[in-house]
Amino acid sequence: MVEFDLVAPRSADEAFAALRAAAPDGAAVLAGGTDLLPDVDEGRQRPRVVVSLRHLPWRTLDWAGPSLTIGSTLPLRALEQDPDLVRRFPGLAEAIRDVGSVALRHRATLGGNVVRAAPTSDLVPVLLALDAEVEIVGPRGTRRLPVDRFVRASRRVDLGPEELVRAVWFPEARPSAYRWQRVRPANDISQVAVAAACSPADRRWRIAVGGVAPRPVRIPSAAEALGAGAPTAAAVARAARAAADAVAFPTDRRASADYRRHLVATLVERVVDAVVRAEGFPR
Amino acid sequence: MTGGPIALRVNGVERRASDVPASERLLDTLRWRFDLKGTKEGCRTGGCGACTVLVDGESTLSCLTLTHEVDGRAVATIEAGGESPTMERVRAAFVAEGALQCGYCTPGFVVALTGLLEERGRAASRDEMLEALAGNLCRCTGYAAIGRAVERLRAEAP
Ligand SMILES: Cc1cc2nc3c(=O)[nH]c(=O)nc-3n(C[C@H](O)[C@H](O)[C@H](O)COP(=O)(O)OP(=O)(O)OC[C@H]3O[C@@H](n4cnc5c(N)ncnc54)[C@H](O)[C@@H]3O)c2cc1C
Ligand code: FES
Ligand code: FES
């Protein structure tokens, strides 16, 4: 068994101090631990000190008008069971239910998922489609960054060694959806996945594709092809083609590049259809 | 802290241990310190559900949970017996339908389903029950009988 020390600070300031004391490279942060502990077991991370966030008061869900702030350490299972979230952010709720299994989601968190920044993350694509921003706290104060700029590549995010993600902020509830293709519905990784949302404010679309290295990406050309509000069948077909052309899909043991191109076009059609049917879709 | 004491309420009984290493998993604490061998180790990487226990009533993968992270909380395992009427009901349904072959995966399935029924009560739909089991693997592939156990529980919902 890989050994480490465990500290569970009672405040953010105590957490920063613990991170500083173990610097550089000596510390790792633990939320649900569903990514961190396998990383430690397999030697991808070798922390001397693990800083647990369990006592921090960040298991929150705050609505303010159309916007929503989700505390970074709230388990995913609590999110998918919130009726308002399911109704107003349907794509986010769908994506959350696609993470691992129910038992995994009793511990896994949104904060852990964005900081892990896996190319195959089920949550990053929908965060991109919802224009989500991360709230970062550190010894020098608070800053905020769009997820699109925060996530760089697998395990690489714009986060200082003494900084923590406190919350994820969503500017507005949006009709949204998430669709994927994978072999096993639970505990499996998508060959490719697509998130879409349409803003009730500007009626514009956002499309993002996951399952691609180095990170999930937005596809502005596909979003533009859809126009404003409900798209025509021809516009949907153009968007599907734009998404298939925009991404340099890899061939690996899960799927060939050709198959992924084929999948992404079909998934764009399905996801757009689901968004158009969602409550509050701007016509 | 490199390690230290922990206290858990396991199946209704206070359990304590001193000097539990910081990196120890709840799975190992239950099996090797408390000799509760009903909770199984399958993959140790979160993928099979064999190690599922309830922490404050919520299904939890004990192989991916540090014991210190759940210090002071209530844990239920397949050995809960009469402490958990819901688990008794799930177990009876598995027995009635013969929903086990070698039995290695069975504690994980029973505990995961118990967690869902305790979480959702009467509202639990068939799809939700199956979804709560989607993270559990049965190497004997006895899924059809497990599905029948789910149907039986639906039919006799209190
Ligand atoms: C069997 C299995 C199946 C899985 N299936 C899926 C899946 O289908 N889809 C999917 O997207 N993911 C999946 N995952 C990955 C994982 O469960 C998710 O990424 C989860 O959301 C991570 O959250 P966590 O709280 O457990 O993170 P942790 O493991 O606690 O942390 C992950 C990383 O983020 C850092 N971190 C955590 N919280 C913070 C914070 N607030 N501030 C700063 N840094 C922080 C940690 O130091 C660590 O590096 C799976 C994992 C397993 C083991
Ligand atoms: S042993 Fe924990 S999920 Fe397989
Ligand atoms: S009964 Fe043998 S693994 Fe399920």
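**Exercise 1.** How much area do chain A and chain B bury between them, and what percentage of it is on carbon and sulfur atoms?

*Solution.* This is a predicted model, in which local features need pLDDT of at least 70, side-chain atom pairs count only at pLDDT 80 or more, and totals for chains, interfaces and linings use all residues. Residues are numbered from 1 along each chain as its sequence is written, chains are lettered from A in the order in which they are written, and side-chain values use heavy atoms, with hydrogens and water left out.

Step 1. Buried area is the accessible area (1.4 Å probe) that two parts lose on being put together, summed over both. For chain A and chain B this is about 2500 Å², with 51% on carbon and sulfur atoms.

Step 2. Counting contact as heavy atoms within 4.5 Å, 31 residues of chain A meet 33 residues of chain B.

**Exercise 2.** Determine how many salt bridges the rule finds across the interface of chain A and chain B.

*Solution.* Step 1. The rule requires a side-chain nitrogen of Lys or Arg within 4 Å of a carboxyl oxygen of Asp or Glu.

Step 2. Four salt bridges are found across this interface. One of them joins A:Arg54 to B:Glu69, with the closest N and O atoms 2.7 Å apart.

**Exercise 3.** Describe the interface of domain 1 and domain 2 of chain B.

*Solution.* Step 1. An automatic or database domain assignment supplies the bounds: domain 1 spans 4–79 and domain 2 spans 82–155 of chain B. Their C-alpha centres lie 20 Å apart.

Step 2. The two domains of chain B bury about 1300 Å² between them, 63% of it on carbon and sulfur atoms. The count of salt bridges between these domains is zero.
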